[in-house]
Amino acid sequence: MASIGETVVKYVGHKVSKARWIPQEKGQLNASDTFVTGGWDDQASGLFLNNLTFEDLTVNKLSIWKNEEPSGESAASFAVANEPKLLCDTNFIGDVTDIECIDSERILVSSSTGSVRLFQYSSKHQAIRPEVEWNSLHHVGSRGCSCTCLATNSGSIDVVTAGEDGRINVLKLDQRHPVRSIDSADSTTINSITCIMSHEVAAVTFGGQLKVWDLRQPGNKPGRTMLLSGDRVSLLCVDKHPMQPHLLAAGGQDGVLSIWDMRQELYPVTLLEAHAGEVWEVKFHPLSPDNLFTCSEDGSLWHWDGTSVAVQSTTGMPGFNSSHLSSIGNGAGAGGGYESTSPWLSVDATKHKMETFSLLPYNRLSINSLDIQSMHLLSGSDCEAIFIIKDLVIK
């Protein structure tokens with residue numbers, strides 16, 4: 001079992017679809033103690049908006065929280081001070097489908113209505129307000145559909161969005177309309193998207209494909225299309241390795257975690273037996289990417305520690321071998337000619353196993369989202385709770 005500190009639970013009274021740490025203000029070196037959460041499935045009755053009635057629409061909460069630290073030694077003060085404190089919230093039309101924090105003040109949120117909103121957060125006034133809204137970004141004919149995901153890039157591209165309509169939009173924060181739309185990026189739902197390099201994005205689809213577009217190139221066709229071998233299984237989430245952008249991790253509908261090397265073609269280089277349910281989110285640790293985290297529909301939240309694999313691949317000496325689950329090679333992984341110390345390219349089930357640790361062993365309802373900074377992990381659940389796991393051992 002991983003050595004961790006306390007697990008803080010805050011019951012919020014609604015299902016939490018997304019949770020993200022808000023970056024510190026410029027010049028601050030310590031880890032952030034503020035985060036944002038978004039809800040889903042909070043049914044509205046008779047919602048009336050802009051002279052239109054929405055029968056099946058939901059109105060959820062977008063909330064800003066502060067992770068309070070204990071200020072006293074008594075048990076009472078510890079119990080009160082240790083719970084996250086709600087700083088402010090606002091109603092949000094539709095389910096919150098994704099959140100990206102641009103900086104300490106600007107928060108982008110996508111909706112199941114097909115729209116994206118930019119919110120301004122003021123820590124001084126503890127208030128959040130909408131600033132810009134891009135409506136009807138995603139639709140099938142005249143009917144709106146979910147904007148399933150969004151991503152930001154500090155390079156030349158400001159924001160990309162993708163949705164159930166298989167469309168990708170490129171947005172500029174200072175413009176009210178998309179600067180580009182790829183209308184037929186995919187024939188199925190695009191479930192997750194990430195900016196891997198300047199002008200380049202990667203997305204995973206309901207059809208089990210990973211596609212890459214260079215947005216400087218004209219046309220709708222991706223520059224590269226990769227896919228899972230065998231039966232097609234939906235890919236639901238993707239994250240980029242923070243130091244090797246050619247490496248991507250994706251989670252699937254079958255609970256399998258796949259590692260992709262963009263220098264290779266067609267198939268993932270590593271498959272890892274993961275969860276019993278759908279993998280909703282995968283995150284590399286931003287500073288120690290030999291550590292990776294996943295959450296699942298089955299209620300599990302896992303820490304994948306690849307440091308022992310990295311040590312063995314570098315030195316030839318066996319590392320730790322206490323994993324509960326083994327990796328599966330597909331013929332393109334370790335032993336396929338890679339000369340890399342990355343554990344995600346070096347896993348070999350015939351030699352050693354990846355260490356995995358269950359961070360919420362007794363939870364049973366879906367963990368929908370996670371975010372990791374420093375040694376603290378944040379997650380949101382269908383059990384109407386936020387979990388903060390402190391003082392993780394990050395090697």
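How many bridges join β31 to strand β32? Six of them do, and the two strands (residues 367-373 for β31 and 376-381 for β32) run antiparallel. Strands here are DSSP runs of E with at least two residues, numbered from the N terminus, and two strands pair if DSSP finds at least two bridges between them.

A quick word on the model: it is predicted, with local features needing pLDDT of at least 70 and side-chain atom pairs counting only at pLDDT 80 or more, while totals for chains, interfaces and linings use all residues. Residues are numbered from 1 along each chain as its sequence is written, and side-chain values use heavy atoms, leaving out hydrogens and water.

Back to the pair. I367 has S381 of β32 as its bridge partner. Two residues sit between the strands of this hairpin, and S374 in the turn has a positive phi of about 50°.

Now look at the largest nonpolar core, which has 18 residues. Such a core is a set of buried Ala, Val, Leu, Ile, Met, Phe, Trp, Tyr and Cys residues joined through side-chain atoms within 4.5 Å. β26 (279-284) is one of the elements giving two or more residues to this core, and its three residues are the largest share. V282 is among the residues with the most contacts inside the core. Leaving aside neighbours within four places in sequence, V282 is in contact (heavy atoms within 4.5 Å) with residues including A249, L257 and L292.

How values were computed:
Buried means under 20% relative accessible area, exposed over 50%, partly exposed in between (1.4 Å probe, protein chains only). Helices (H or I, at least four residues) and strands (E, at least two) are DSSP runs, numbered from the N terminus.
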